[in-house]
Amino acid sequence: FMQEVIREGGQVLYLLPEIALSNQVTSRLMAIFQDKVLVYHSRLSDKQRVESWQLVKEGKPLLVGARSSLFLPFKQLKLVIIDEEHDPSYKQIEPNPRYQARDAAIYLAHIWKSPVILGTATPSLETYYHSKNGKYGWVKLEERYGGAILPKITVINLVEEKKNKKMIQEFSETLLEAIKDKLLNKEQVILFQNRRGFAPTLRCTTCGWHSECVYCDVSLTYHKSRKGLKCHYCGYFTPAPTQCPACGSKEISLLGFGTEKIESELQVILPDARIARMDMDTVKSKFAHNRLIQEFEEGEIDILIGTQMITKGLDFANVGMVGILSSDQLMQYPDFRAGERAFQLMTQVSGRAGRRTRQGHVFIQAMNVDNPVLLDILAYQTERYYERELSEREKFQYPPFKRLIRISLKHVDSDTVNHAAIWLKDFLYPIFGDRIKGPAVPYIGRVRNSYLIDFLLKLENGNSRLQEAKNTLLLAQQTLRNKKLYSSVRFVIDVDPN
């Protein structure tokens, strides 16, 4: 289809959620389309961006890029492909404009009257719902590329393992034996833990003090490589204390574990294994993603430990096993999309195992082995999961049955933001009634020294209702700004929040 579009003089936009994916996908596209391929993402220099902008304007046939590629000046856009369409990275969160690139790309294609292809093994709930209702076409691939067999999935009960003293640090004996077995067979291993750093909390066992960011209401994460504590929201860093700042006790312990701790412990347990880590701390430089992926592809790395970066569509021929170290953590986040995200992440990372002729093996460590999301993954019951999740969304009136708009108020003074929230509720409630929820302090109530208060507006689907709501919210924003007491309160409107 792409070749046909290019042959007829059209342009193709191939969207990817992460830069990490671009090298592998680009090299495969270049093998077919040679010099017709152009890559565009945020890590390019200003000069490279200007050159890309000009080439697209002149009609370069195939553009592979991240979400910002949408805004390039296409000459003859005839096909849009959105790979891994479910990925939350398609949503722009900060700064404005806060757009969902998948939805914006569909609208862009509508303007050009061009077809759209959404590609994913784990559709977003919205996409699944639209395809079931006939709004989208549905093409289901019944077998994996090259006839690869689906991996065998084993859930390891951490409660039982701990009771029987079968744990070595963060690893169950079952998991470690499987890793050793794969390494003996010259196969590679991927270990997934969706938290970077060494440990998420530093706590005093005497008085209960724990390390918190001075600017945000979050725990500081301990990073062993830097011997300090870092906030993953604002970047604040401080050296790790040797004694408790509150009571002076030296009984300070690290709680939880991240990718850095897994790498450190595994290097002690398996000293001969070649281990690498892929997270935001190790891929800061321009070519770090590509170098790590290339080394793993060429067999120079035995075990790759990573966050959600490693779940996103990467294809490695020799991966025999995937280990998910803490599935409970994924499912216990206070968000209506937590189950959906957990299902997608675990299914996607499982897909990295056994990509060729051999069957792969996936091990999932869990405390709650009866979680319905986990049971659906274990039984490959994808449709059962989606149907159950849809019925819950319908019952509690969440997307895709309702549109959401989040209104956030931010200010450095907590009293000011609280009073502004009361004023805003009095302004909005007579118009929206029970459709407006709040005010409420979000899960993290202070970020970069600003206090946050959220409202959630649930709207019926339909453009007229949405436009009416937007006009009301813009009026509320302007009215609040004109009030002397609240003029410095930041008023943020986020349509379809992540």
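**Helix packing and strand pairing in a predicted model**

Me: What makes E11 and strand E12 (residues 228–230) a pair?
Reply: E11 and E12 are joined in the antiparallel sense over 3 bridges, and two strands pair if DSSP finds at least two bridges between them. Within this pairing, His 223 has Gly 228 in E12 as its bridge partner. Strands (E, at least two residues) and helices (H or I, at least four) are DSSP runs, numbered from the N terminus. This is a predicted model, in which local features need pLDDT of at least 70 and side-chain atom pairs count only at pLDDT 80 or more, while totals for chains, interfaces and linings use all residues. Residues are numbered from 1 along each chain as its sequence is written, and side-chain values use heavy atoms, leaving out hydrogens and water.

Me: Why are strand E11 (221–223) and strand E13 (237–239) said to stand at the edges?
Reply: The open sheet has 3 strands in the order E11-E12-E13, with antiparallel pairing. E11 and E13 each have a single partner strand, so one side of each is left without a neighbour in the sheet. From one strand to the next, the twist averages 30 degrees.

Me: Which helix lies on the path from E2 to E3?
Reply: Strand E2 (residues 37–40) and strand E3 (residues 62–65) run parallel and are joined by 4 bridges. The chain passes from E2 through helix H3 (residues 46–58) to E3 in a right-handed β-α-β crossover; the term applies if, with the strands pointing away from the viewer, the path from the first strand over the helix to the second runs clockwise.

Me: Why is H5 called roughly perpendicular to H13?
Reply: Helix H5 (residues 125–132) and helix H13 (residues 382–395) pack at an angle of about 100 degrees, with axes 11 Å apart. Angles of 65 to 115 degrees count as roughly perpendicular, under 35 as roughly parallel, over 145 as roughly antiparallel and the rest as oblique. H5 is therefore roughly perpendicular to H13. Axes are lines fitted to C-alpha atoms, for helices over the stretch in contact, and angles run from 0 to 180 degrees between N-to-C directions.

Me: How do you know that H14 and H15 are roughly antiparallel?
Reply: The axes of helix H14 (residues 414–432) and helix H15 (residues 463–482) cross at roughly 150 degrees and come within 11 Å. H14 and H15 are therefore roughly antiparallel to each other.
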